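These notes are meant for a colleague who is meeting this structure for the first time. Please read the points in order, with the sequence and the 3D view open alongside.

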Amino acid sequence: MTEAIINFTNSLYTPTCMELITKEEIRDALSSGQLLSKLWLLDKFQIIFEKNPEIKKLDTVVVGGWLGLLARALNHLDERIVADSVDISLSATTIACLTLDNCPGTAILSDMMLLDYSKYNCVINTSSEHLSDITSWSQKINKGSLVIVQNNNGKEIQDHISCVDSSLELEKILNLDEIYYSDEIIFPFYTRFMVIGKK
Ligand SMILES: C[S@@+](CC[C@H](N)C(=O)[O-])C[C@H]1O[C@@H](n2cnc3c(N)ncnc32)[C@H](O)[C@@H]1O
């Protein structure tokens with residue numbers, strides 16, 4: 001994660017970059033809740049790799065990937081991972097392109113509801129609370145894919161339109177074939193849930 005943060009903050013030295021992002025967005029992206037929840041995901045991801053040495057390559061997409069920090073960290077985690085970052089926001093994707101500079105993965109401007117998931121065998125969504133219909137989104141993912149989804153109960157936060165109250169509720173919405181991990185972390189302002197499984 002340290003490498004990803006360095007690449008992100010370095011990208012802010014690029015002329016015009018600071019016009020694309022607010023101080024509040026930088027604060028939120030580097031907040032303890034954001035960073036600890038990404039470290040939690042990376043930790044569980046690493047365990048999956050250790051348990052499954054037969055995995056040859058994970059063509060991964062981080063949807064709602066925002067400024068590209070998680071995709072950058074995943075590309076750095078293991079050489080078997082190529083992680084793209086997809087976001088609907090042009091300004092976020094412009095910064096994510098810089099965060100992912102010199103990386104096997106790329107930043108893509110797209111609505112995750114319209115994305116072609118056929119080339120990906122690993123799909124990560126830490127922004128599922130921003131979707132109006134998580135079930136319709138999850139139905140677009142290829143059968144057999146590794147799926148990692150986070151959500152939270154921060155219903156009062158702007159743009160959080162599909163919060164859940166437990167990881168079990170998230171499991172039910174995703175309707176995966178196998179569940180490898182399902183748990184929660186309590187932060188001062190919300191509880192974050194994560195489900196890892198196979199579609
Ligand atoms: C505030 S950010 C990330 C917050 C998230 N809880 C996390 O921890 O990563 C949410 C991102 O989702 C993106 N987003 C929302 N709806 C989307 C969609 N339909 N397709 C792609 N990106 C989307 C937004 O543009 C934004 O960059």
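This is a predicted model: local features need pLDDT of at least 70, side-chain atom pairs count only at pLDDT 80 or more; totals for chains, interfaces and linings use all residues.

1. Leu114 sits in the loop that links strand S3 (107-109) and strand S4 (122-125). Because Leu114 has 8 C-beta neighbours inside 10 Å, it counts as exposed. Its C-alpha atom is 19 Å from that of Gly68, a residue 46 positions away in sequence.

2. Leu39 belongs to helix H3, and since 12 C-beta neighbours are found inside 10 Å, Leu39 also counts as exposed. Between the C-alpha atoms of Leu39 and Tyr120 there are 22 Å, while the two residues are 81 apart along the chain.

3. In what order do the seven strands of the open sheet follow one another? The order is S3-S2-S1-S4-S5-S7-S6, and the pairing is mixed. S3 and strand S6 (178-186) form the edges, each of them pairing on one side only, and from one strand to the next the twist averages 15°.

4. Within this sheet, strand S1 (residues 58-63) runs parallel to S4 and is joined to it by four bridges, with Val63 standing opposite Asn125 of S4. The pairing of S4 with S5 is likewise parallel and extends over four bridges, and here Cys122 stands opposite Leu146 of S5.

5. Are the faces of S4 covered or open? Both are covered, as Cys122 and Ile124 on one side and Val123 and Asn125 on the other are all buried. In a regular strand the side chains alternate between the two faces of the sheet.

6. H3 packs on it and touches S5, S6 and S7, its direction making about 150° with that of S6. Helix H5 (residues 90-99) lies across strand S2 (81-87) and S3, and runs at about 160° to S3.

7. Helix H3 (residues 32-51) also packs with helix H4 (residues 69-77), at an angle of about 30° and with their axes 11 Å apart. Since angles under 35 degrees count as roughly parallel, H3 is roughly parallel to H4, and their crossing is right-handed. Lys38, Leu42, Phe45 and Gln46 of H3 make the contact with Leu69, Leu70, Ala73 and Leu77 of H4, a set that divides into six nonpolar residues, one polar and one charged.

8. H4 has a further packing arrangement, with helix H1 (residues 2-11), in which the angle is about 130° and the axes are 8 Å apart. H1 and H4 are therefore oblique to each other, and H1 passes H4 in a right-handed crossing. On the H1 side the contact is made by Glu3, Ala4, Ile5, Asn7 and Phe8, and on the H4 side by Leu69, Arg72, Ala73 and His76; these residues divide into five nonpolar, two polar and two charged.

Methods: Residues are numbered from 1 along each chain as its sequence is written. Axes are lines fitted to C-alpha atoms, for helices over the stretch in contact, and angles run from 0 to 180 degrees between N-to-C directions. Helices (H or I, at least four residues) and strands (E, at least two) are DSSP runs, numbered from the N terminus. Angles under 35 degrees count as roughly parallel, over 145 as roughly antiparallel, 65 to 115 as roughly perpendicular and the rest as oblique. A crossing is left-handed if the near helix is turned anticlockwise from the far one by less than a right angle, and right-handed if clockwise. Two residues are in contact if their C-beta atoms, placed from the backbone, lie within 7 Å. Ala, Val, Leu, Ile, Met, Phe, Trp, Tyr, Cys and Pro count as nonpolar, Asp, Glu, Lys and Arg as charged, and the others, Gly among them, as polar. A residue is buried if 20 or more other C-beta atoms lie within 10 Å of its own, exposed if 12 or fewer, and partly exposed in between; C-beta atoms are placed from the backbone. Two strands pair if DSSP finds at least two bridges between them.
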